Amino acid sequence: MAPTAVATAEEAERLAAAAWGEEGEEEGKRGAGMKRRKRYGLVEYRALPGYLRDNEYIHRHYRCEWPLPQVLLSAFSIHNETLNVWTHLIGFFIFLALTIYTATQVPNVVDIQSLKHLPDVLRNADIHKIQAELVSCLPSLPHLSDLEKLKDELKSSWNSMEVLPSLSRWHLLELLSNCLPHRFTHTNETSLSVLQSMKDDIANMIAPELIRPIARWPFFAFLGGAMFCLLASSTCHLLSCHSRRLAYIMLRLDYAGIAALIATSFYPPVYYSFMCYPFFCNLYLSFITILGVATIAFSLLPVFQNPEFRTIRACLFFGMGASGVIPVLHKLVLFWHQPEALHTTGYEVLMGLFYGLGALVYATRVPERWMPGKFDIAGHSHQLFHILVVAGAYTHYHAGLVYLKWRDLQGC
Ligand SMILES: [Zn+2]
């Protein structure tokens, strides 16, 4: 964040020396063994160089221009950034776990309505085409010829087949591998009735394979954006105190992370709300993607960091987030009679409250403004802001799950 008061270089040096001197005296009393530590002691706000001055209501416990190894190790010691690092690092691990959970545990529910009709369609289909589908799923089955035997095996495994719609793609492939023998050597050995019955069975069995599950990429894009933002922020809080150069790079990374989180948060609601309206789907997705890329590009410019751009910066991020109101209202107009539309909007309102409260706390610097110096280590506004960001993103994750289920079950 932009420095509010810039000290001259000499003044900063003098104050830093004074602060270190004070700590040095104290430590000197504790013995020579502590001498190595005093160089990297924590300093007060007034001892900081201009680029590290951000919040004058936090008085003490600053790290100042420490070497990188000490900066990295400081993740495990107490200073005024410790909780800023950990609130978002823990948030990152929460979202990493949610991503793994979503990829492995959330079922790819198949559109049951369309499934009902598919066997009829396939019944009249060419058996060779079905065979081609199966072979493409199971490369170990180059020939489907011993049909009588195959049919028996399919029948015997039929009970487990009935649960197919709720099974994931991998479960289905596993079932297929188990129930189909690997050796089919002879052709032209079957009667017409066996062939017909065989077609029905295969049609029922592979139907879920032929219906594509609803795309997952918008949901994973959001999870990726959230993880990038949280990790970038955590790294920024840990490393920025090292040097002016690193602080400069880290702040840009932090801004890019915020823009990425806001932009990718649009993907699941827009994609799943408007997947049956490609024009609006593409319009909203293009709009937010272009705005996100432009914000990231703009935030990389040196001028973006100047104090006079603080308001423009805030407006840009706020405008990106607030523009989400348009697709949400549009969704309500189109699907006002569907419970999922209201359910997801409820989550989106809650998310808006978390982010809005976070922005308010961030901007007003409450509570440390009321009792300067009393919240240096724990409880200051930036930590509250971090927790509210994680809460907002977690709420959005739950909205995403509702969208996925909605589209999986209903299609367009
Ligand atoms: Zn932060």
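Reply: Start with how angles are read. Axes are lines fitted to C-alpha atoms, and angles run from 0 to 180 degrees between N-to-C directions. Keep in mind that this is a predicted model.

Me: Why are α16 and α17 called roughly antiparallel?

Reply: Set the value against the cut-off. The axes of helix α16 (residues 339-364) and helix α17 (residues 381-410) cross at roughly 170°. Angles over 145 degrees count as roughly antiparallel. Therefore α16 and α17 are roughly antiparallel to each other.

Me: Where do the axes of α16 and α17 come in distance, and which hand does the crossing have?

Reply: The two axes come within 8 Å. The crossing of α16 past α17 is left-handed. The residues of this contact divide into 17 nonpolar, nine polar and two charged.

Me: What makes residues 384-404 a helical span?

Reply: The chain there is 100% helix and 0% strand. Its end C-alpha atoms are 30 Å apart. UniProt, in an unreviewed entry, places a "transmembrane region" at these residues.

Me: How much of residues 283-304 is helix?

Reply: That span is 82% helix and 0% strand, with end C-alpha atoms 28 Å apart.

Me: How many of the 412 residues count as buried?

Reply: The share is 31%. To count, a residue needs 20 or more other C-beta atoms within 10 Å of its own.

Me: What share of contacts joins residues at least 24 apart?

Reply: Among contacts between residues at least 6 apart in sequence, 76% do.

Terms used:
Residues are numbered from 1 along each chain as its sequence is written. This is a predicted model: local features need pLDDT of at least 70, side-chain atom pairs count only at pLDDT 80 or more; totals for chains, interfaces and linings use all residues. UniProt positions are given in the numbering used here, feature names are shortened, and annotations may be inferred rather than shown by experiment. Helices (H or I, at least four residues) and strands (E, at least two) are DSSP runs, numbered from the N terminus. A residue is buried if 20 or more other C-beta atoms lie within 10 Å of its own, exposed if 12 or fewer, and partly exposed in between; C-beta atoms are placed from the backbone. Two residues are in contact if their C-beta atoms, placed from the backbone, lie within 7 Å. Angles under 35 degrees count as roughly parallel, over 145 as roughly antiparallel, 65 to 115 as roughly perpendicular and the rest as oblique. A crossing is left-handed if the near helix is turned anticlockwise from the far one by less than a right angle, and right-handed if clockwise. Ala, Val, Leu, Ile, Met, Phe, Trp, Tyr, Cys and Pro count as nonpolar, Asp, Glu, Lys and Arg as charged, and the others, Gly among them, as polar.
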